[in-house]
Amino acid sequence: MGEWKASDWGVVAIFVVVYLGMILGGLPRLKLNRAGVALLGAITVVGMGAIDTEQAGRAIDLPTVLLLFSFMVVSAQKRLGGFYTAVTVQVAALPLGALILVAGSLSAVFSNDIVCLAMTPVVVRACLKRGFDPVPFLLGLACAANIGSAATLIGNPQNMLIGSVLRLPFAAYVCQALPPVGLSLLLLWAWLGWHLRVSGLHNRPHDLARLQEAGQMAREVDPVDAAWPDFNAWQTVKGLGVASALLVIFLLTDWPREVAALVGAGVLLLSRQMHSSRVMGHVDWELLVMFMGLFVVNHAFQATGLSTQVVALLAGQGVALADQGPLFVAGVGLSNLVSNVPAVMLLLPHLHGMKSGLTLALVSTYAGNLLLVGSIANLIVVDLAHKAGVRIDWRMHARVGLPVTLLTLAVLWVWL
């Protein structure tokens, strides 16, 4: 520590501030969200000379960014083609188990955030129409989307990052992740079914009257139909064809995933009906900026050697981060402290191999169900439900999220 330069201490200070921003969702008194904090942190470490622009460019894992961007394009095309709305309308009229199965399955191939964005408004409408309280169904949707997204290396941003950095084979990962994910979705369905019967949340006439009135007012102000286009058969077939082709390529070939996904996105952008500006308008550019900013800040922090010293110190005390137990605990704790993507970025430089990658991917994703703020998918469901007149607070989420997380993490521990 005596050989440290002043810039090293500056980098540590910036690192702490950036991750404080990850915890709080921004910085007090400043109009910055997580993406803004990460970008400002990256600008600062470059501006102070801790790393130069060439090092900053190399710090960004381009395959991860390209893969994430490509699947945002694929999901945007399917959204604009009405696929998600059509599927949700059909599934929302079915039992809770069908909703969990479909949400989990779609999230394994497409982003869990996109699935929640698409399905939440329709689930609210269907529940009110059937005389059910939407809250347990919406919580089931969020939990299922988080769990299902862990089944593949393209189901969520942190899995894309893990697969890219550790060079994990797609098919081998799916074979090992699919059994615990399937069992966890079954446990989610069983718990919610029991919870519904015991609490009677599926049928509360007084609350339902209030919800239906609020929901009707919300629809008059902001109709879902305006945001979600009608079903277009050709666009749906085109999008599903590209997505299916990409899955086959990932499973059966060694073609770099980011290159294949970029080609697929390019095919979808070639359209006579759908302008590229509409598709690109649904890309989550802020998430991409947050990724790139964190890559740069983390690289500068690692260059100080402090993280390596801490890991070595823990190893000297018999706590090896790459071991199953410590990694399990660190993954759950950090994912709920700073969110799963920043947590994965912190842990990845000290890991290698399929076993560690599988553990981190599953644990960091499952941990998102523990707290309301643990996953962006949770926040999307809560925000859209509020717009439809349905209120979900952290206590309501905890009554489902806490036991579901503990049960599914127990399954995962036994499986691993």
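Q: Before anything else, what am I looking at?
A: This is a predicted model, where local features need pLDDT of at least 70, side-chain atom pairs count only at pLDDT 80 or more, and totals for chains, interfaces and linings use all residues. Residues are numbered from 1 along each chain as its sequence is written, and side-chain values use heavy atoms, with hydrogens and water left out.

Q: What secondary structure does the protein chain have?
A: Helices (H or I, at least four residues) and strands (E, at least two) are DSSP runs, numbered from the N terminus. Here the protein chain comes to 22 helices and zero strands.

Q: How should I read contacts between residues in the protein chain?
A: A contact means heavy atoms within 4.5 Å. Among those between residues at least 6 apart in sequence, 80% join residues at least 24 apart.

Q: What percentage of the protein chain is buried?
A: Buried means under 20% relative accessible area, exposed over 50%, and partly exposed in between (1.4 Å probe, protein chains only). By that cut-off, 55% of the 416 residues are buried. Helix H19 (residues 340–347) has seven of its eight residues buried, so the rest of the structure largely encloses it. Among them are Pro342, Met345 and Leu347.

Q: And aspartate 393, buried or exposed?
A: Aspartate 393 counts as buried because its relative accessibility is 16%. This residue lies in the loop between helix H21 (376–387) and helix H22 (394–415). Valine 382 is eleven residues away from aspartate 393 in sequence, with 7.9 Å between their C-alpha atoms.

Q: Where is pLDDT lowest and highest among the elements?
A: pLDDT is the predictor's confidence in each residue, from 0 to 100. Its mean over the protein chain is 86, with 92% of residues reaching 70 or more. Helix H14 (residues 257–269) has the highest mean among the elements, 95, while helix H11 (residues 205–221) has the lowest, 45. Over residues 214–226 the pLDDT is below 50, and this stretch has 14 contacts beyond near neighbours in sequence. Where pLDDT is low, the predicted coordinates should not be read in detail.
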